[in-house]
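Student: Could we go through this structure together, one question at a time?
Tutor: Gladly! Have a look at it first, and then ask away.

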Amino acid sequence: MVCVVGVRFKLAGKVYYFDPGELPVAQGDKVVVETVRGVEYGQVVVGPREVPDEEVVQPLKKVVRIGNARDDEVAAANKQKEKEAFAIALKKIEEHNLDMYLVDVEYTFDGSKVIFYFTAEGRVDFRELVRDLASVFRTRIEMRQIGVRDEAKLLGGIGPCGRVLCCTSFLGDFAPVSIRMAKDQNLSLNPSKISGLCGRLMCCLRYEQETYEAAKKDPSLAPGYVPPLPEVEPEEPPPEDWQPERPQPIRLSERPAAPDEGARVAQAAVVEKPARRERGRPGREGGADAAQDGAARRPQQQGQHKPRGQGAAADGSAGGRQRERRAGADEQQSRVQQPRQQQGRAQQPRQQQSKAQPPRERQPQAAREDGQPEEQAVRQAAAGSSRRRRRRRHRPAASGGGAAPGGGAASAGE
């Protein structure tokens, strides 16, 4: 058994194992280790543990020392140098007119080497570029060509799912992904649907592949597995002479009563129907009194009515006739001089006058004291009221003895 610790040099880089020796190294500490590229400064992500000898790649490098504040300052200075080296390298690439895309620049911890990461479609002759860069930085220069997945890992970004790329956040190694995984998971084979930001198949297709492979062998292990329904034995067919039963009609007399029907009938019998209110009709006694009063007033009104020209005929003297003519002329002149508003008021339609007057109350049928029938008494009262309206309509405007304008009364007397 060998005691090892896991060290990572980048945020989502690969984990390398080293021998801590007798140093009290714990998880989260910064350590300085020696690698193939030189001295590096990394962070312990896997604490000390015992592993079998066959799982360790020999020779196993040792941890040089635990990091301190001075080492942190050196690492920050190297980050600043990387930005300056990136700008210088871009200018040199343009000067040599090389078909390559510079991705990142990395300084080793001790500054003994500068590594340039780039992508290109094919092979690039960068020997002249290396000579120029070495003359500028006065150190060893290494040019490393990487693929599109490594480029996405170094640059970072947001995937189709809306989250940070898996290779940038937590994925250390790239697992192989094939189109067969998309077919097994019943996904659309549209390249834009199953490809990641790098243009290759998405790494997340690998995550659920084991579940789908297990579900192929045993369908009950699938997350959305629904057990089949139990088999039901088929029913025996009906006999040949079988006929469906037809429903018999129910008569009204045989209809079964509802459970609460008796209670509703009893409640309806208890509730009395309210009497209809006769609006605007006086009582029986008031109607009889009104009929008697109307019959009593009719003879008086008939006696007061004078036919046209009666006053002129009764007065046969010449002075009376002159007075009548003079009164008729004055009345005609006064009518001509009346204002239009008074004429309009005098000539208002009968409908408007009837609207202004309050409605007459309808008298009920009543019997007279002398034994006259009710219907006959009511008809006489209605006839009297209609005669009174006609008399008012034909009554002359002036009270000059009933003489008509223009000397009509005098001609009648003659």
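Student: In which strand does Phe 118 lie?
Tutor: Before we start, remember that this is a predicted model. The chain has 15 helices and 8 strands, and here we want one of the strands. Phe 118 belongs to strand S7.

Student: Is Phe 118 buried or exposed?
Tutor: A residue counts as buried when its relative accessible area is under 20%. The relative accessibility of Phe 118 is 1%. So, by that cut-off, Phe 118 is buried.

Student: How far apart in space are Phe 118 and Leu 102, C-alpha to C-alpha?
Tutor: In sequence, Phe 118 and Leu 102 are 16 residues apart. Leaving aside neighbours within four places in sequence, Phe 118 is in contact with residues including Tyr 101, Leu 102 and Val 103, and also Met 143 and Arg 144. From C-alpha to C-alpha, Phe 118 and Leu 102 are separated by 4.3 Å.

Student: What share of the contacts with a separation of 6 or more comes from residues 24 or more positions apart?
Tutor: Here we turn to the protein chain as a whole. It has 414 residues, of which 24% count as buried. Among its contacts with a separation of 6 or more, the share from residues 24 or more positions apart is 61%.

Student: At roughly what angle do the axes of helix H1 and helix H2 cross?
Tutor: Helix H1 covers residues 69-96 and helix H2 covers residues 127-137. Their axes come within 10 Å, and the crossing is right-handed. The angle is roughly 145°.

Student: How many residues of the contact of H1 with H2 are nonpolar?
Tutor: On the H1 side, the contact includes Ala 85, Ile 88 and Ile 93, and on the H2 side it includes Leu 129, Leu 133 and Phe 137. Of the residues in this contact, 1 is polar and 3 are charged. The nonpolar ones number 8.

Student: Why do the buried residues of H2 line one face of the helix?
Tutor: The buried residues of H2 are Leu 129, Leu 133 and Phe 137. An α-helix has 3.6 residues a turn, so residues three or four places apart point the same way. Seen down the axis of H2, its buried residues line one face because they fall within an arc of 50°.

Student: What covers the buried residues of H2?
Tutor: Both a helix and strands take part. The cover includes H1, together with strand S6 (101-107), strand S7 (113-119) and strand S8 (140-145).

Student: What is the relative accessible area of Asp 71?
Tutor: Asp 71 sits in helix H1. Not counting residues up to four places away in sequence, it touches Val 32, Tyr 41, Arg 65, Ile 66 and Phe 109. Asp 71 is buried, and its relative accessible area is 3%.

Student: Where is Asn 186?
Tutor: Asn 186 is not a glycine either, and it has a positive phi of about 55°. At 70% relative accessibility, it counts as exposed. Asn 186 is found in the loop between helix H5 (179-184) and helix H6 (191-194).

Methods. Residues are numbered from 1 along each chain as its sequence is written. This is a predicted model: local features need pLDDT of at least 70, side-chain atom pairs count only at pLDDT 80 or more; totals for chains, interfaces and linings use all residues. Side-chain values use heavy atoms; hydrogens and water are left out. Axes are lines fitted to C-alpha atoms, for helices over the stretch in contact, and angles run from 0 to 180 degrees between N-to-C directions. Helices (H or I, at least four residues) and strands (E, at least two) are DSSP runs, numbered from the N terminus. A crossing is left-handed if the near helix is turned anticlockwise from the far one by less than a right angle, and right-handed if clockwise. Contact means heavy atoms within 4.5 Å. Ala, Val, Leu, Ile, Met, Phe, Trp, Tyr, Cys and Pro count as nonpolar, Asp, Glu, Lys and Arg as charged, and the others, Gly among them, as polar. Buried means under 20% relative accessible area, exposed over 50%, partly exposed in between (1.4 Å probe, protein chains only). The arc is that of the directions from the helix axis to the C-beta atoms.
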